[in-house]
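This briefing covers charged side-chain pairs and a surface patch in the structure below. The points are grouped by topic.

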Amino acid sequence: MIKIAINQMNSTVADFQGNTATMMEAMRQADQNRSDLLVFPELSVCGYYPYDLIDEPFFQDQSEQALTDLLAFSEQVPSLTTIIGTVRKNSGQGKPFYNALVAIRNGAIVTEYYKQLLPTYNVFDERRHFEPGPVAPCVITVGNTKIGLIICEDGWNDSETEYRENPFKQLMAQKPDLVISINASPSNIGKREQRHDIMSNVAARYELPLLYVNSVGGQDSLVFDGASFAMDRRGALVFEAARFSATQEYLAFDVKETGFQSGADAIKAMSDSELAFNQIVLGLRDYVRRCGFKKVVVGSSGGIDSALTLALAAEALGPENVVAITMPSVFSSAGSVTDSEALCSNLGIELIVHPIKALVEQYARDFSSAFARTLKGLTLENLQARIRGTILMEYSNEFGALLLSTGNKSEISVGYCTLYGDTNGGLNLIGDLYKTEVYRLSRYINDRTGREMIPADIINKEPSAELAPDQKDTDSLPPYEVLDEILKYIIEGKQLSNPEYQRVKSYVDQVNETNQGLVSKITKMIARNEYKRFQAPLIIRIRARAFGNGRQMPIAAKY
């Protein structure tokens, strides 16, 4: 029997000193718990994903130094084998680096393996920087257990439809007792179930137990959820680590008897709203910490989007680190201020009132004087949003607070937002949630706390930008219950789970029959507003296909 320590590490990209210190402490703890093997995630030494930072001269020097330091430290825990993920130089032809797994023990490298399958789809672009590793199955022996080693994507091609090679299948000739995969697999709705399904099939097909070790933490738009797991030789889930938490957990593996042995309780599946809540909270918390902010500021309109953003920020950072600013105009309803007051009182955050009526009037006078025209219509509507955006950026600059923008995926999709206005900000928490999901998550937060954190008046209020008299979102858009299904079909399509895709497709087919031209109109609106999304803040990714590097579309194109 061997005892395995699983470290769901929250690495910071290029923080080699900090990451190495975390890894050394984990090695010390694993040794104290009499572990035989400690496993870290993919690229744990440098963090995932470094992008072009990997080409900077300091990066490889510090990466090599980190490995040297870890090797030296491993002499203090001589009986422990440690598997790490790092970048290694390629001295041959092709790209200059490998995405590598290195096993160390008592001051020496036991073996190293280079990732063969390098994803270039969705949010991944590993082939830009890495050379595929050679076809060379990697096996180490710990105790009397023979362990095959792979890295993330290497285990996702058993169907042999995406790549020529099948690294998992290659391992079979070595007859391992167990396969361990190290991963940096970002979370999205449905991803946990997808991992379980793929790895269960592989484990059952080859009758091999499998251990899947994943990263945790927020890195720019991506959030890694941990949720490391083990499958037995029948493909049954027998262990799952904590979700959205950096932990070190332990389990035993007996090659001769029952395989994996774990005393951990089963982890319950999360609802989509619960997953989104945890993912956004961790994503914001890590983004603020890594970028050196302490506080955030949000424009509070009294509407559902800003209310949800404020509630999430208060949960992630503490209410004392969140500031709301409400900026009523002549078109604002009475509830814009009173609902903001109730919300901020419930959340325990500071609310600043900054009316914009006088500023709008001054702009109108100056506009008329300069251009001999009356400020009206869309120009006046957008001006109000831009004045508010300027005020928020003034506060951000003066007080050093990160401005959070508040657009949801429905509005961002069709361009129902104002550049240099409500799109101002450094990060968007809800930009990968459709409007209907915004309402569901708001209700989830209230249910979760057992009290009305987000006032019912806000949740029940008809959506409106309040930039013109009696304005409603439905003046320009179909009801969100209709719009969101169409958007899912157009934007995500078959990246939805198959049951959801079939449901959405059936719904859109019905819309086409009853409202001819609507789907085509929405498609054109999405295309016409690509330029806005190129200039929008970073969005925390929740769904399988999010705006950003997961959906790369041209601006100047004939759609």
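This is a predicted model: local features need pLDDT of at least 70, side-chain atom pairs count only at pLDDT 80 or more; totals for chains, interfaces and linings use all residues.

The count of salt bridges comes to 33.

- R205 pairs with D158 in a salt bridge whose closest N and O atoms are 2.7 Å apart.
- R205 belongs to helix α4 (residues 191-206) and D158 to the loop between β7 (145-151) and α3 (167-171), so this bridge ties together parts that are 47 residues apart in sequence.
- R205 is partly exposed because its relative accessibility is 48%, whereas D158, at 14%, counts as buried.
- R192 forms a salt bridge with E240, with 2.8 Å between the closest N and O atoms.
- Since R192 lies in helix α4 and E240 in strand β13 (residues 237-240), the pair links parts that are 48 residues apart in sequence.
- R192 and E240 are both buried.

- D432 and K409 meet through their side chains in a salt bridge of 2.7 Å, N to O.
- K409 is in helix α10 (residues 409-414) and D432 in the loop between β20 (427-428) and α11 (435-449), so the bridge ties together parts that are 23 residues apart in sequence.
- Both partners, D432 and K409, are buried.
- A network of salt bridges links K409, D432, E437, E485, K488, E492, E500, R503 and R543.

**Nonpolar surface patch**
- Y531, F534 and I555 make a nonpolar surface patch of about 300 Å².
- F534 lies in helix α16 (residues 530-534).
- F534 counts as exposed because its relative accessibility is 51%, and the cut-off for exposed is over 50%.

How values were computed: Residues are numbered from 1 along each chain as its sequence is written. Side-chain values use heavy atoms; hydrogens and water are left out. Patches are made of residues with over 30% relative accessible area and no salt bridge: like charges are joined within 9 Å, nonpolar side chains (Val, Leu, Ile, Met, Phe, Trp, Tyr) within 5 Å. Accessible areas come from the Shrake-Rupley method with a 1.4 Å probe; for residues, only the protein chains shown count as cover. A salt bridge is a side-chain nitrogen of Lys or Arg within 4 Å of a carboxyl oxygen of Asp or Glu. Helices (H or I, at least four residues) and strands (E, at least two) are DSSP runs, numbered from the N terminus. Buried means under 20% relative accessible area, exposed over 50%, partly exposed in between (1.4 Å probe, protein chains only).
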